[in-house]
Amino acid sequence: MRSSATHNAPLTPKERIIIALDLDSDREALLLVDELIGDVGMFKVGHQLFTAYGPDIVRRIRDKGGRVFLDLKYHDIPNTVAKASAEAVKLGVSIFNVHALGGLDMMKAAVVAAKEEADRQRSPLPLVLAVTILTSMDDTALRRELKINRSLRREVCHLAELAQRAGMSGVVASPREITMLRKAIRGRFVVLTPGVRPAWADKDDQKRIMSPGEAVAAGADYLVVGRPVLKSPDRRAAVHKIIHEIEQGL
Ligand code: C5P
């Protein structure tokens, strides 16, 4: 069984599941937290919820005992990202992320600031993850728009290596990138994967999908799951089916 980069004990199937709180209201989000808190590892707060309700939504989830992945993908000058990273630690999040395209110094600044703030607060250090190339980009966009003249896969590997050099805990990666990253990156490195679809769920707009079992078998530590659970008439039952599929993949 593959263990997480910063946990000594292997992650349990339940701990690996992060529910994306892609919902329109704080009420709905908090109800879902109440419903699933005993069955999943974490809740993802992204731009929609954070822009609407601010850091208070994170505090309210934390007050309920929920662990939070703050998915705001910081991308700014190192000083600004360092300050934002310290604030993420103050909020008590378990994971937050930055764009690797912000560069080595920016990623280092995020890691150092998070460590300093965690020491100050005597709180656990969150995982600091890098987003490499957004999965909405393809080879053509990379070449024609960004003028990056190498394949998307090579660029993803390069940025993941840069993230490791900066001291980051790991990366956010599409299911298709997991195997490649596990080969390319040695040592302890977290891989967190969205775009996971159990066989019984709709694909929605996700194109490059894997089942939960396949994703953990390929080397994913954490799985972000949204609609397969959110759209299910019995959300707890959907989570339990996913836990079972993860067990099969480990
Ligand atoms: O509903 P679904 O399971 O597709 O939700 C996946 C979540 O992961 C969403 O919050 C989406 O924004 C996020 N995500 C993604 N693909 C990425 C990065 C993040 O689907 N490459």
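Me: How do I read the packing of helix H5 and helix H6 here, and at what angle do they pack?

Reply: Two packed helices are described by the angle between their axes and by how far apart those axes are. In this predicted model, H5 (residues 78-90) and H6 (residues 104-121) pack at about 35°, and their axes are 8 Å apart.

Me: Is the crossing of H5 and H6 right-handed or left-handed?

Reply: H5 passes H6 in a right-handed crossing.

Me: Okay, which residues in H5 and H6 actually meet?

Reply: On the H5 side you'll find Pro78, Val81, Ala82, Ser85, Ala86, Val89 and Lys90. Their partners in H6 include Met106, Ala109, Ala110, Ala113 and Glu117. Sort the residues of this contact by type and you get 11 nonpolar, two polar and three charged.

Me: Now the ligand. Which residues surround it?

Reply: Among them are Ala20, Asp22, Lys44, Thr135, Arg197, Gly226 and Pro228. Now look at atom pairs: the side chain of Asp22 has an N or O atom 2.7 Å from an oxygen atom of the ligand. Lys44 also places a polar side-chain atom 2.9 Å from a ligand oxygen. With Gly226, look at the backbone: a polar atom there is 2.8 Å from an oxygen atom of the ligand.

Me: And how much of the ligand's area does the protein bury?

Reply: Taken alone, the ligand exposes 460 Å², and the protein buries 79% of that.

Methods
Residues numbered from 1 in each chain as written. Predicted model: local features only at pLDDT ≥ 70, side-chain atom pairs only at ≥ 80, totals over all residues. Heavy atoms only, no water. Axes fitted to C-alpha atoms, helices over the stretch in contact; angles between N-to-C directions. Helix = DSSP H or I, 4+ residues; strand = E, 2+ residues; numbered from the N terminus. Left-handed = near helix turned anticlockwise from the far one by under 90°. Contact = heavy atoms within 4.5 Å. Nonpolar A, V, L, I, M, F, W, Y, C, P; charged D, E, K, R; others polar. Near = heavy atom within 4 Å. Polar contact = N/O pair within 3.5 Å; in protein donor to acceptor, adjacent residues only side chain to side chain. Areas by Shrake-Rupley, 256 points an atom, 1.4 Å probe, with all protein chains shown as cover.
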